[in-house]
Amino acid sequence: MAVRAVRGATQIDADDRDQILEATTELVSEVMARNELTTGDVISVIFTVTPDLTAEFPALAARKLGFHEVPLLCATEIGVPGALPRVIRLMAHIATDRPRSDVQHVYLRGATALRLDIAQ
């Protein structure tokens, strides 16, 4: 069993609590489904948001999905001029037998622009 990192991001329309929770739920659910994971496979998750998102912690959505024993952390991305606004990112550390090349990173909504090489 190896430790791997899974990346993902999504974009929302406004700094709105419900949008943050809905988009984070969708992102976490897609990461879990595409990588065939259970919460028992997840070691930790770091969530970041762009500086324009302050209405809610994305980690709350993960807690509502059952991530009760998984360490979660939220932080703010650096405010780079011209960067894509209203983006929620995650990096999940997982225990898996998958080779690194088989890990499915997930970029949704407007965040597909961040990784056109792997966007869904």
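Helix α1 and strands β2 and β4 each supply at least two residues of the lining of the largest cavity; helices (H or I, at least four residues) and strands (E, at least two) are DSSP runs numbered from the N terminus. The structure is a predicted model, in which local features need pLDDT of at least 70 and side-chain atom pairs count only at pLDDT 80 or more, while totals for chains, interfaces and linings use all residues. Residues are numbered from 1 along each chain as its sequence is written, and side-chain values use heavy atoms, with hydrogens and water left out.

A search of the whole structure finds one cavity of 30 Å³ or more, a cavity being a set of points on a 1 Å grid over the protein atoms alone where a 1.4 Å probe fits but cannot get out. The largest cavity has a volume of about 50 Å³, taken as the space filled by probe spheres set on the points. Its lining (residues with an atom within 4 Å of a point) consists of Val28, Val31, Met32, Val42, Val45, Phe67, Leu90 and Ala92. Helix α1 contributes the largest share, three residues. The lining residues divide into eight nonpolar, no polar and no charged, where Ala, Val, Leu, Met and Phe are among the residue types that count as nonpolar.

## Overall fold

The protein has two helices and five strands. From the N terminus on, these elements follow the order β-α-β-α-β-β-β.

The C-alpha trace spans about 40 × 30 × 20 Å along its principal axes. With 120 residues, a compact globule would have a radius of gyration near 14 Å, and the value of 14 Å for this protein agrees; the radius is taken over C-alpha atoms, and the globule rule is 2.2 Å times the number of residues to the power 0.38.

## The sheet and its helix

The five strands form an open sheet of mixed pairing, in the order β3-β2-β4-β1-β5; two strands pair if DSSP finds at least two bridges between them. At the edges lie β3 (72-76) and β5 (106-107), each of which pairs on one side only. Helix α1 (residues 17-34) packs on the sheet and touches β1, β2 (42-49), β4 and β5, contact meaning heavy atoms within 4.5 Å. The direction of α1 makes about 30 degrees with that of β4, on a scale from 0 to 180 degrees between N-to-C directions of lines fitted to C-alpha atoms, for helices over the stretch in contact.

Strand β1 (residues 2-11) pairs with β4 (residues 87-96) in the antiparallel sense over 10 bridges. Within this pair, alanine 2 stands opposite threonine 96, and glutamine 11 has valine 87 as its bridge partner. Strands β1 and β5, by contrast, pair in the parallel sense over two bridges; here alanine 9 stands opposite tyrosine 107.

Terms used: 1 Å grid on protein atoms, 1.4 Å probe; cavity = no way out; pocket = protein on both sides within 12 Å on 5 of 7 lines; lining within 4 Å.
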